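Here are some notes for your reading of this entry. Please keep the structure open while you go through the points.

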Amino acid sequence: MSTAVASSHAIASLEFGEFLNSVPNEPAWLTEKRRAAFESFAATPWPTSRDEEWRRTDIRAFRLNAFDLVHSPAAATLEDLDEIAPARDALASAYGTGIVQIGGQTTQPADLIKLGKATLTDFRTFAESNPEILEKYLFGTVGTSEDALAALHAAMFRGGIVLYVPKGVKVADPLYALSAMTARQRIDTSHTLIVLEDGAEATLVHDLVSTASGESATPGLHLGAVEIVVGKDANLKYVRIQNWDDQTWHFSRERATVDAGGSIQWTIGGLGSRLSKVNQETALAGPKASAQVNGVMFTTGKQHLAYFTRQDHQAENTTSDLLYKGGLTGKSRTVWKGMIRVEPGAQKTDAYQKNDSLILTQSARADSIPGLEIEANDVRCTHGATAGPVDPEMVFYAEARGIPAETAKRLIVEGFFANVYDRISVEPVRESLRLAVAKKLSLG
Amino acid sequence: MSTKTLRIENLHVSVEGKPILRGVNLTINQGETHALMGPNGSGKSTLSYALMGHPNYEITDGTAYLGDVNLLELEADERAKAGLFLAFQYPTSIPGVTMANFLRHAVTNVRMPDRKEGEDLISMRDFRKELKQKMDELGMDGDFARRYLNEGFSGGEKKRAEVLQLAMLQPAFAILDETDSGLDIDAVRVVSEGVNRVAKAQGTGVLVITHYQRILNYIQPQFVHILYGGRIVENGGPELVTTLEREGYDWIRAKYPQEARVEDELEASASAVV
């Protein structure tokens with residue numbers, strides 16, 4: 001198929017060859033996957049406002065050719081390490097052990113002793129130590145051809161994080177991962193793969209942090225994907241807090257499959273980035289699989305955050321419960337489009353989706369579009385969405401008790417998020433989200 | 001402590017351009033208990049909201065002073081800091097904000113009016129101790145403090161929560177807007193005892209707004225006022241309550257035909273007023 005593409009789309013096959021040289025020693029099957037994805041990329045038109053998922057999300061200002069995906073980035077400098085130290089220390093003081101990466105390259109590995117039988121490592125190390133497992137799971141969950149960006153990630157992703165927990169292994173302490181960008185490292189195309197085999201348990205708190213400061217920052221790019229495989233009766237808690245600087249473009253395709261009796265509590269935070277386009281999908285693939293999905297978004301300035309969620313019920317007696325809450329200030333905008341899909345065999349499905357938005361300025365805007373596709377007849381599926389400003393009666397009530405209006409609004413905004421925080425069972429995450437939102441609120 | 005006076009003179013208040021109060025005069029000294037009675041739609045709640053500073057209530061004429069402080073120049077939070085308290089007829093719920101957190105902010109602001117935003121709140125330890133004591137006095141379960149403010153509270157719990165806030169904030173003047181509505185007789189008693197305890201300890205001037213006699217058996221007023229057609233038409237002692245209970249408002253209606261016409265108009269549009 002030959003298609004005319006925007007100039008920003010073009011990465012020549014010659015350049016792709018150069019890219020392959022920059023990721024040496026990868027197994028042949030992986031190179032083949034990359035080649036196939038690159039062909040798909042070359043054949044797929046660049047997204048435009050005519051595509052449903054890009055109708056409200058304008059990326060005409062995004063210049064792919066402003067980013068060098070082809071060559072290996074420079075190694076992290078001491079300056080980079082210094083910049084990310086506070087973010088790393090915050091995670092290290094709250095959680096067991098973890099991995100730190102800058103631009104997808106590891107700068108600090110996890111403590112093997114603390115990990116025990118679990119593996120939390122970078123993509124390259126895992127490819128060397130567990131090539132069969134990698135081959136079995138890589139791009140088994142997340143697609144490689146949904147659109148040009150999905151294909152480009154699959155073709156040219158560089159580095160990443162792998163959490164692998166073998167059958168029956170329960171990791172008691174929460175683990176962390178830090179994916180950082182700095183003032184100099186402005187590209188992260190890493191891939192995240194999380195595999196919990198049957199009966200395994202783990203918690204991973206994954207922070208995406210940029211130390212570049214707002215206006216002086218050059219454009220940044222995260223072109224990523226998250227694949228999650230939760231085995232039978234396995235339990236995963238995964239927290240992914242995106243807090244890039246506001247010059248960074250964030251494109252992320254994320255999908256989990258949960259097998260029979262397994263469960264996932266998946267929390268995402270959307271705080272940073274200039275523009276985000278995220279697909280967050282959960283498939284309940286076996287009977288009695290369950291998913292709780294939490295979203296906390298807070299946008300300021302001209303930020304634009306778009307989320308497309310799916311809850312795919314593929315087996316009977318499966319449960320999913322999604323709650324996204326967003327606060328908006330300035331001229332920022334959020335888009336949430338949700339879909340609960342119930343396959344014909346998935347009787348006794350219990351599915352819920354809700355998106356609440358608190359609109360704190362007149363120029364901010366939140367679009368909520370819930371959706372249901374139900375092909376079974378014995379199910380319970382409910383959805384809801386609310387959007388509106390801070391209720392002036394709440395402010396007056398607080399003022400009548402001596403609380404100044406500004407403090408009252410802050411309390412009310414914090415309170416707005418409380419019912420999503422209450423669901424997150426990873427204690428330090430609640431506090432760090434609360435602080436991050438409070439900080440954005442005071443700046444916003 | 002010198003006693004203060006809440007002095008309301010010729011107060012005119014409009015809501016959405018519609019005049020509701022048409023020249024209210026009322027003086028309350030600290031330590032006194034007053035009852036304000038009147039039929040539905042006579043403007044009783046309007047008076048309470050206007051005094052507290054709700055933005056939808058426009059003062060078109062008159063004055064309101066608490067001591068030498070001109071209340072009408074102040075924002076609602078500043079009025080609270082000046083010593084005015086309103087127990088709402090319909091308390092607003094604030095999801096996600098616990099009673100304890102809300103009250104800690106309120107108490108801090110009222111007790112330290114010169115505190116700057118961002119400075120420390122009152123000590124958690126002292127606050128908790130005081131809160132627990134006040135809750136015990138009102139027969140409230142300790143769990144109450146951790147619940148979200150008024151969220152899912154029963155009618156009785158909401159009113160009790162209002163009186164708890166009154167007890168914590170220790171105002172110079174408290175307006176109780178239909179605090180007895182929706183309460184069973186036991187709850188009326190408990191809530192009234194709470195109000196009396198605070199009033200006695202703090203020398204609070206109390207204005208009980210009600211259209212039932214019931215609560216006045218427990219919070220006994222020395223002064224009774226009848227608000228009718230946007231004006232206070234009768235001032236008297238407790239005997240007025242008995243008269244109203246016996247004869248209703250018909251004699252008021254007959255005695256004040258001009259206010260009766262206003263009252264009829266107000267009643268007709270009462271459902272449109274917040």
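1. This is a predicted model. Start with one side chain: that of N109(B) reaches the backbone oxygen of H105(B) at 2.8 Å. N109(B) itself lies in helix α3 of chain B, which covers residues 99–111.

2. N109(B) has a relative accessible area of 4%. The cut-off for buried is under 20%, so N109(B) counts as buried.

3. Neighbours within four places in sequence set aside, N109(B) is in contact with K81(B) and R115(B), and also with G402(A), I403(A) and P404(A) of the other chain.

4. That leads to the interface as a whole. Here 19 residues of chain A are in contact with 35 residues of chain B. The two chains bury about 2,100 Å² between them, and 63% of this is on carbon and sulfur atoms. Of the area that chain A buries against chain B, 37% is supplied by F396(A), Y397(A) and R401(A), more than by any other three residues.

5. The count of salt bridges between chain A and chain B is 1. It joins R401(A) to E162(B), with the closest N and O atoms 2.9 Å apart.

6. On the side of chain A that touches chain B, the elements giving two or more residues are α8 (392–399) and α9 (405–421) of chain A. α9(A) gives the most, with 7 residues. By type, the residues on this side of chain A are 11 nonpolar, 3 polar and 5 charged.

Technical notes:
Residues numbered from 1 in each chain as written. Chains lettered and ligands numbered in written order. Predicted model: local features only at pLDDT ≥ 70, side-chain atom pairs only at ≥ 80, totals over all residues. Heavy atoms only, no water. Contact = heavy atoms within 4.5 Å. Buried area = accessible area lost by both parts, 1.4 Å probe. Salt bridge = Lys/Arg side-chain N within 4 Å of Asp/Glu carboxyl O. Helix = DSSP H or I, 4+ residues; strand = E, 2+ residues; numbered from the N terminus. Nonpolar A, V, L, I, M, F, W, Y, C, P; charged D, E, K, R; others polar. Buried < 20%, exposed > 50% of the residue type's maximum accessible area, 1.4 Å probe, protein only. Polar contact = N/O pair within 3.5 Å; in protein donor to acceptor, adjacent residues only side chain to side chain.
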